[in-house]
Amino acid sequence: MSKYILRRALGLIPTMFIIVTICFFFIRLAPGGPFSSEKKIDPQILKNIEAKYHLDEPLVVQYVRYLGNVVRGDLGPSYKYKDYDVNFYIGKSLPKSLLLGSLALFFAVIMGMGAGMLSSLRQNTWVDYLSMSVAVIGISVPLFVIGPVFMYIFAIKLDILPTSGWIDEQGLKALIIPVFSLSLAYFATVARLSRASFLEALRSDYVRTARAKGLKASVIMFKHVLKGASLPVVSYLGPAFSGIITGSIVIEQIFRIPGLGRHFVQSAFNRDYTMIMGTVIVYSLILVLMNFLVDVIYGYLDPRISYK
Amino acid sequence: MANSITNKTVKNESVVLNEFDQPVKGVSLWQDAWKRLKKNKMAMFGLLMIIFYALISLSAPLLPIYSYKQQVLGHQFLPPSTRPAGELMYERQDYLLRAMANKEGRELNAVEIERLSDLRDSITTEKKILLSGEEILVHERVYIFGTDSLGRDVLARIIYGGQVSILIGLVGALASVFIGVVLGALSGYIGGTFDSLMMRFVDIMYSLPYMLLVIIFMAVFGRAIGNLFFALAIVSWLTVARVVRGQIMSLKNSEYVEAARSSGAGTARIVFLHLIPNTAGVIIVYTTLRVPSFIMLEAFLSFLGLGVQAPFASWGVLIQDGVYAMTTYSWLLWFPATAMTLFLFSMNFLGDGLRDALDPQSKNKL
């Protein structure tokens, strides 16, 4: 097991390397440099700026320099805000996005599995129909409709929650609508997945055996059914992570949360290349680590997977 | 037992029986699928809605609506109503003047009454030449979905925005399915090194946060519709390629492929004439399910300001406008959001229905 984990962990390095490389050269393909603007800049000044950021060197040298800096954890200076570097911005905004994303994911998984379990136990009753209808809505209605609709209902009409802002100004109330809207789509998918797999597990032979042994219903549910039925949910976590990352970009935009997603969109508008790359590297790192974690959990839950 | 079966077959040579001894009529895949689709109420509802949207979008120039970029001064932020714009304008002006006068604790003074009556005159007489060159009594216009911050008809914006969104959905889905089918089919049929290289590439692309790449692409190469298509198409063929590859691999050893190969057909002929048509069901289902996801992607980008640019609109752009105006002018959010959600619902229902209907496992079972 530990050997398998180690091998998978080492496999992360080439993936990250490829991502950094693709990003670096992809951005260099862009027409016009980061400092070309409508204003005419004196050629000498432009030259000085480029020298300051090492943009006058050959591409390969720049690439090697950037790679070395990234390995040391330095994502470089921001091209747009000259007094700060990318690390500063990411350090400031990442915790907010992480909190938002992990709360949404936690909510989606716990509530989704709860709803799926209830629906499977009370199949074809109003509980089942209610949670599955909510699930259909959650899957079909896009996030940028759900967010504003919740905002309209709870913040504008009922006026019980703030429309925007972060914990430091609004308190924990500021989290409720963003987290809830962000998690709805994933709640829906988890609920549908786990309903199907709970139904399957409830009819399986090992559960019948457990019942025949006279185990308590709660023990069967949480010890036997849950473990088998959580497999599809665990394998869905990978896509859910990347979905929540993209989703948090929209949510941060709607609710004006100064997180990483907002910085990313802003830097895309500003053509702040180091900032764009830094953000993408951080996002990819989170994604790749999460997928690694999912693989490990999956291997732990499913004894049929051999660690070869 | 064996005897009786033979007897039955001899008696009725044209009748085929399924495993429940029910007579089965020879139907093509498509007849069969259509029969099953018709039984699925949600899918049929989806199909009807889609036909409705398609008709509206195609006939947009013939409908009695303004162009999506026609602005009318004075018609800003009129609420949705079935009454003419002039009446609403007059009421609003009247209300505002009275409110101001009330605040100062007086009745309307002469100047204000004069202004109101001037407004009433101009409402009945003022003409305007539209962008289309036609001259109309502008204040007799009816905006059933209201107007936006520049006095543009929200209904017209939704219809023309829908054209853009649906077009992006269709073209994007077709492009990504086309790339995915060709690469997936070749990869599955040829196999070997080509296949493992392809699949490695697909794995790496999967591990990239592709939405971020699309955002970078739009930011770096400029926000043109062509770039949007390109960016979406290059990241979205992966799943189709995988699915088609799997299908082809399961089909490539079947007898008809063997027969084609023994009569001297080349790789391209076998792949494109024999194998791909036999995966048509999967391909159609995927195309249907990709359309809404493309519309969502486009709307997502437009929502961030990286998609379709003014004066064009798409549902994403309209929803974004709506979000910023919803505190006071909530109709700017409700109508586009409803229009888009309804379409996405319909597409998803139709896609699910098609998947069930085209599933060969359910053939001849209703």
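The following dialogue works through selected features of a predicted model.

User: What share of the residues of chain B counts as buried, and how large is the accessible surface of chain B?

Analyst: Burial is judged by relative accessible area, with under 20% counting as buried. By that criterion, 47% of the 366 residues of chain B are buried. The accessible surface of chain B is about 18,800 Å², and carbon and sulfur atoms account for 63% of that surface.

User: How many positive and negative side chains does chain B have, and how far apart are the centres of the two sets?

Analyst: Chain B has 32 positive and 28 negative side chains. The centres of these two sets lie 10 Å apart.

User: Among contacts in chain B between residues at least 6 apart in sequence, what percentage joins residues at least 24 apart?

Analyst: For chain B the figure is 71% of those contacts. Ala357(B), in helix 15 (residues 331–358) of chain B, touches Ala33(B), Arg36(B) and Leu37(B), when residues up to four places away in sequence are not counted. Ala357(B) and Phe45(B) are 312 residues apart in sequence, and their C-alpha atoms are 15 Å apart in space.

User: Is Ala357(B) buried or exposed?

Analyst: Ala357(B) is buried, because its relative accessibility is 3% and the cut-off for burial is under 20%.

User: Which residues does Leu116(B) touch, apart from those up to four places away in sequence?

Analyst: Leu116(B), within helix 5 (residues 110–125) of chain B, touches Tyr90(B), Gln93(B), Asp94(B), Leu97(B) and Leu108(B), with residues up to four places away left out. One of these contacts is with Leu97(B); the two C-alpha atoms, 19 residues apart along the chain, are separated by 8.9 Å. Leu116(B) has a relative accessible area of 4% and is therefore buried.

User: How does the length of helix 7 of chain B compare with the expected span, and what covers its buried residues?

Analyst: A helix may be checked by its end-to-end span. Helix 7 of chain B (residues 192–207) has 16 residues and reaches 23 Å from its first C-alpha to its last, close to the 22 Å expected at 1.5 Å a residue. The buried residues in helix 7 of chain B include Asp195(B), Met198(B), Met199(B) and Val202(B). Their cover includes helix 1 (2–28) and helix 12 (273–301) of chain A. Chain B contributes helix 6 (154–190), helix 9 (225–236) and helix 10 (238–251) to this cover.

User: Which residue in the loop between helix 6 and helix 7 of chain A deserves a check of phi?

Analyst: Most residues other than glycine have a negative phi. Asp159(A), in the loop between helix 6 (143–157) and helix 7 (167–170) of chain A, has a positive phi of about 55° although it is not a glycine. Asp159(A) counts as exposed, because its relative accessibility is 58%.

User: What is phi of Arg256(A), and where does Arg256(A) lie?

Analyst: Phi of Arg256(A) is near 50°, a positive value in a residue other than glycine. Arg256(A) lies in the loop between helix 10 (217–254) and helix 11 (260–270) of chain A. With 45% relative accessibility, Arg256(A) counts as partly exposed.

Definitions and conventions:
Residues are numbered from 1 along each chain as its sequence is written. Chains are lettered from A and ligands numbered from 1 in the order in which they are written. This is a predicted model: local features need pLDDT of at least 70, side-chain atom pairs count only at pLDDT 80 or more; totals for chains, interfaces and linings use all residues. Side-chain values use heavy atoms; hydrogens and water are left out. Buried means under 20% relative accessible area, exposed over 50%, partly exposed in between (1.4 Å probe, protein chains only). Contact means heavy atoms within 4.5 Å. Accessible areas come from the Shrake-Rupley method with a 1.4 Å probe; for residues, only the protein chains shown count as cover. Lys and Arg count as positive and Asp and Glu as negative; His and the chain ends are not counted. The place of a charge is taken as NZ of Lys, CZ of Arg, CG of Asp or CD of Glu. Helices (H or I, at least four residues) and strands (E, at least two) are DSSP runs, numbered from the N terminus. The expected span of a helix is 1.5 Å times one less than its number of residues.
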